[in-house]
2 protein chains.
Amino acid sequence: MTYCVALALNGGIVAMSDTRTNAGVDNISTFRKMHTFEVPGDRALVVMTAGNLATTQAVISLLEERGKAPEERDPSILRAPSMFQVARIVGDTLKEVIADQSGTGPGADAFGATIILAGQIAGGPMRLFLIYPEGNFIEAGADTPFFQIGETKYGRPILVRALDRDMSFADAVKLLLVSFDSTIKANLSVDAPLDVQIIENDALRLGRGWRVAPDDPYFRSIRDGWGEALRDALQALPDFDMDAV
Amino acid sequence: MTYCVALALNGGIVAMSDTRTNAGVDNISTFRKMHTFEVPGDRALVVMTAGNLATTQAVISLLEERGKAPEERDPSILRAPSMFQVARIVGDTLKEVIADQSGTGPGADAFGATIILAGQIAGGPMRLFLIYPEGNFIEAGADTPFFQIGETKYGRPILVRALDRDMSFADAVKLLLVSFDSTIKANLSVDAPLDVQIIENDALRLGRGWRVAPDDPYFRSIRDGWGEALRDALQALPDFDMDAV
């Protein structure tokens with residue numbers, strides 16, 4: 001499994017992904033699921049993948065290769081004029097790889113993958129897309145300023161409740177670490193290290209990106225503190241009166 | 001979908017279930033998924049069901065009918081000598097109904113269901129079981145003193161973090177309402193009214209049982225207050241220092 005989230009804040013994008021992959025519970029590995037592309041002054045993109053690892057690695061390799069090829073030959077996410085065109089290229093590449101790998105045989109679903117794409121190209125706004133295995137995609141809006149892929153459910157309630165487009169990058173990182181902690185605690189196939197990438201609006205270059213190790217002191221303070229904070233939050237709610245029923 | 005939870009506290013069992021059923025998002029109804037059985041002074045049982053409604057209703061009808069039949073003819077959960085025997089009867093009945101309804105055709109999985117059984121019989125302890133469509137079952141222990149069935153993921157993190165076997169029934173009801181609120185907010189196919197049943201240890205009769213309406217004032221105060229309480233909890237965690245990366 002996998003867990004990746006991207007938040008579209010007023011200040012820009014904060015993206016986080018785990019690194020665990022598994023083929024059964026007895027065959028786990030660490031692979032990067034977050035990939036960044038940058039043409040400083042022109043564009044900054046982050047791509048996160050969930051699903052079949054052979055599929056998603058092939059998609060990323062094709063996107064990278066085509067970025068280096070002459071423009072005439074292949075559309076490239078490094079030269080497409082808008083984020084919408086970038087999303088189309090990523091979607092088409094994903095659909096093509098899935099078709100190549102699965103053929104028309106049974107079990108084609110096993111080759112599926114889902115992608116989060118976020119970024120900004122000079123002259124356009126920051127945009128955030130969720131791209132489906134069929135190659136089509138949706139864009140985040142003001143009502144739902146985030147996307148999750150992979151094991152989305154455990155970490156969703158805190159995002160729904162606490163996400164605020166005005167929040168700082170630091171608060172967003174804190175929120176995401178809590179969301180990842182809930183998921184990691186519940187699903188063995190999601191785990192640290194976690195990759196984090198920030199893209200500030202109108203910077204047109206990648207912002208800070210780093211890896212949170214399993215034993216990162218701040219992450220550990222979140223993991224240790226969140227249980228207590230939740231119990232305190234529960235305590236703070238009005239008590240139920242058993243005599244009322 | 002469905003969401004049902006039973007907590008095994010030191011003081012007894014607290015069970016809660018939603019009442020929404022759906023066949024597609026355009027065909028929703030309200031059905032009770034919690035069923036209670038009682039022989040005062042001898043036993044008190046609560047059964048909650050998730051899965052195919054035709055299957056679960058048939059199981060409950062058979063359990064009720066067999067309770068009224070002469071003992072020789074059918075094993076009854078009202079006469080079985082132990083909770084283990086009750087769990088076997090419920091499991092066998094579930095397996096039998098699924099086999100009857102699905103035959104061996106394709107799509108047999110669609111007839112599946114899962115059951116939570118909790119209760120106590122005179123001379124034995126309070127016990128809590130999770131019964132699978134195959135008719136076999138597992139029992140809750142000190143390490144995992146609760147079971148969930150149906151849409152379990154959204155409401156799980158708060159249970160994992162805040163459940164304490166020593167908590168009062170009132171605190172347990174509060175905790176469960178928060179867990180249900182997270183689930184209801186995220187999944188359209190889970191909704192109030194919610195059924196609640198308490199069975200105190202060694203009472204050997206059903207304790208308080210009631211229904212929480214969607215507009216119940218206490219439930220509303222939880223739903224309104226939880227968002228703020230979560231945001232406060234997040235605030236209370238140490239802030240992330242962006243300069244540290």
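This tour moves through a predicted model, from one chain as a whole to the contact between chains and then to single residues.

**Chain A as a whole**

Select chain A and colour it by secondary structure, which shows 5 helices and 12 strands. Along its principal axes the C-alpha trace of chain A spans about 75 × 45 × 40 Å, and its radius of gyration of 19 Å agrees with the value near 18 Å that a compact globule of 245 residues would have. Among the contacts in chain A with a separation of 6 or more, 62% are accounted for by residues 24 or more positions apart.

**The contact between chains A and B**

Now show both chains and select the residues that touch across the boundary, where 42 residues of chain A are in contact with 42 residues of chain B. Together the two chains bury about 4200 Å², of which 69% lies on carbon and sulfur atoms. On the chain A side, highlight A:R161, A:L234 and A:F240, which lose the most area to chain B and together supply 19% of what that side buries.

Next, turn to the polar part of this boundary, for which the count is 20 residue pairs in polar contact, both residues being at pLDDT 80 or more. Helices α3 (156-162), α4 (169-186) and α5 (217-236) of chain A each supply at least two residues of the side that touches chain B, and the largest share, 13 residues, comes from α5(A). By class, that side of chain A has 24 nonpolar, 5 polar and 13 charged residues.

**Salt bridges across the boundary**

Then select A:E151 and B:K153, a salt bridge in which the closest N and O atoms are 2.9 Å apart. This pair crosses between chains, from the loop between β10 (146-150) and α3 of chain A to the loop between β10 (146-150) and α3 (156-162) of chain B. A:E151 is buried, with a relative accessible area of 4%, whereas B:K153 counts as partly exposed at 26%.

**Salt bridges within chains**

Staying with chain B, select B:R20 and B:D191, which form a salt bridge with the closest N and O atoms 3.4 Å apart. Because B:R20 lies in strand β3 (residues 20-22) and B:D191 in the loop between α4 and β11 (194-200), the pair ties together parts of chain B that are 171 residues apart in sequence. Continue to B:R211 and B:D195, whose side chains meet in a salt bridge at 2.8 Å, N to O; B:R211 is in strand β12 (residues 209-212) and B:D195 in strand β11. B:R211 is partly exposed at 40% relative accessible area, but B:D195 is buried at 1%. In chain A, select A:R32, A:D195 and A:R211, which are linked in a network of salt bridges.

Select B:S179 in helix α4 (residues 169-186), which counts as buried because its relative accessibility is 0%. Leaving aside neighbours within four places in sequence, B:S179 is in contact with B:Y3, B:G155, B:I158 and B:L159.

Finally, go to B:P75, in the loop between α1 (53-68) and α2 (83-102), which is partly exposed with a relative accessible area of 48%. Not counting residues up to four places away in sequence, B:P75 touches B:R66 and B:I89. A distance label from B:P75 to B:V178, C-alpha to C-alpha, gives 38 Å for residues 103 apart in sequence.

Note on methods: Residues numbered from 1 in each chain as written. Chains lettered and ligands numbered in written order. Predicted model: local features only at pLDDT ≥ 70, side-chain atom pairs only at ≥ 80, totals over all residues. Heavy atoms only, no water. Helix = DSSP H or I, 4+ residues; strand = E, 2+ residues; numbered from the N terminus. Buried < 20%, exposed > 50% of the residue type's maximum accessible area, 1.4 Å probe, protein only. Contact = heavy atoms within 4.5 Å. Buried area = accessible area lost by both parts, 1.4 Å probe. Polar contact = N/O pair within 3.5 Å; in protein donor to acceptor, adjacent residues only side chain to side chain. Nonpolar A, V, L, I, M, F, W, Y, C, P; charged D, E, K, R; others polar. Rg over C-alpha atoms; globule rule 2.2 N^0.38 Å. Salt bridge = Lys/Arg side-chain N within 4 Å of Asp/Glu carboxyl O.
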